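Trainee: I am new to this structure. Please take one part of it and go through that part closely.

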Amino acid sequence: MEILRGFKDILPQDINKWQRLEKLARETLESFGYKEIRTPILEKTSLFARGVGETTDIVEKEMYTFLDKSGESVTLRPEGTAGTVRAFIDNHLENYPFKKYYYIGPMFRYERPQKGRLRQFHQIGIEVFGIDNPAVDAEVVLVDKIMLDRLNISDLRIEINNIGCPNCRPEYSKKLKEYFQTHREELCDDCKRRLDRNPLRILDCKNKTCSRIAKNAPKITEFVCDNCKAHYEKVKENLVALGIDFQENPHLVRGLDYYTKFVFEIITDKLGAQGTVSAGGRYDNLVEQLGGKPTSGIGFASGCERLIELMVYDEDQNIDYYFACLEDYTTCMKLAKGLADSLKRSVYVEYENRSLKSMMKKADKMNANYVVIYGENEKEKGIVIVKDMKRSNQEEIEIEKFLENEVARWQ
RNA sequence: GUGAGUAUAGCUCAGUUGGCAGAGCACCAGGUUGUGGCCCUGGGGGUCGUGGGUUCAAGUCCCACUACUCACCCCA
């Protein structure tokens, strides 16, 4: 039996990184008033088709979609926003005072695996509902940035852009199409296809000829409506006020249809081709599009696997007490129980019949702070030996005073 | 979906012009009687990714398949 392609076990050896990532992310997001929301991993296919966009690559060719036993088409979530919006509408969260949410969990996309790209991957994301104020756009970037700082991830750059709204983007899209149409023959095959479907994506093409042509393409800033323009300018002002460095990238576009106005990406060049660590933006029409009352929205999503590759930290895996039992396991268990239960210390009782030497070796490998030795000699004398592995010394303690003695040690 | 590279022990990898399957790390056991790290000695572990083919003989050469890695694409 082998694991599915593009899927990965997260092993005990690596779990410290994951738990640290989740802990620091939660602390950061909760300190800014975000509440966790947990939505199902499986949703109706139509949610993503309508939310993410029928013509996006995600919906067209990357979703894990199948029929359930009732014949309903269901899909493993490829991203977190659609489900969160659905939950917001379904549960009438517009009447709940907290409108800022975060999620952590697995997402699924059927893509060819490569560095920083898996078929099951994990995202940490936030969503803010019902706040039009451009100040909150800046807050979203700030929260993302602080989270990354706390994870000790550096050398990142923030790129932003204004991609307009349904009032102004179609006009820009049309102009862009006209422009690229005149260079049609020079474009790569992918871009020829994009010309009809989503000309904005040509701006993002890495093909040399395409990007050269794109350089002289009409700029979206010349077409955005006054509303979008004013919003974007305010976001920038707030970012500057918060001391967040950013670059404007007029070629930054998003692959999901729901984005409007302000979009951003946080990028590293340490991860090869998949350098986007975090990305997000505003989606002012999505709630309405999915059947809710007109409600604005903004959020971001971060790729956990990518964050983990970039996290810098000192690993410190250990246990507090290793119990080297030479015969009387019952007594060892009772002693260990006291430590774990009342003192909240991590304990490991050795149940394998090993030599003392091999137990000492194992305790060393587990990076135990203390080894409690209890064998025939100790039993006769009514004591236990507690060895301090870091200082390499040991003491004999009367068995009745053991817990008391250890309580004192940790005070 | 496309391209390139890789596939030998739990891990990282050697393996000459085809001729008995190797190292380091990890694991286990010893190095006097019940004490870790360093060192020394020994041990267990491999259908050489899978299936064909060439050959007296294939880890090695040929073909197919599969998986992994990176890149395209796409995105977090």
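Mentor: Asn-367 sits in the loop between H13 and strand S14 (370–374), and the part to look at is helix H13 (356–365) with this loop. Helices (H or I, at least four residues) and strands (E, at least two) are DSSP runs, numbered from the N terminus. The model is predicted, with local features needing pLDDT of at least 70 and side-chain atom pairs counting only at pLDDT 80 or more, while totals for chains, interfaces and linings use all residues. Residues are numbered from 1 along each chain as its sequence is written, chains are lettered from A and ligands numbered from 1 in the order in which they are written, and side-chain values use heavy atoms, leaving out hydrogens and water.

Begin with the buried side of the helix. Met-359, Met-360, Lys-362 and Ala-363 are the buried residues of H13; buried means under 20% relative accessible area, exposed over 50%, and partly exposed in between (1.4 Å probe, protein chains only). Viewed down the helix axis, these buried residues of H13 fall within an arc of 165°, so they line one face. That arc is taken from the directions from the helix axis to the C-beta atoms. An α-helix has 3.6 residues a turn, so residues three or four places apart point the same way. Strand S12 (321–325), strand S13 (347–349), S14 and S15 are among what covers the buried residues of H13, where contact means heavy atoms within 4.5 Å.

Now turn the helix over. Lys-357, Lys-361, Asp-364 and Lys-365 are exposed on the face of H13 turned away from its buried side. Two of these residues also pair with the RNA. An N or O atom in the side chain of Lys-357 is 3.4 Å from a base nitrogen of RNA strand B. For Asp-364, a side-chain N or O atom is 3.1 Å from a sugar or linking oxygen of RNA strand B. A polar contact is a pair of N or O atoms within 3.5 Å.

Other elements that give two or more residues include helix H14 (376–381) and strand S15 (383–388).

Finally, go back to the loop. Just after H13, Asn-367 takes a positive phi of about 60°, although Asn-367 is not a glycine. Asn-367 is partly exposed, its relative accessible area being 29%.

Definitions and conventions:
Polar contact = N/O pair within 3.5 Å; in protein donor to acceptor, adjacent residues only side chain to side chain.
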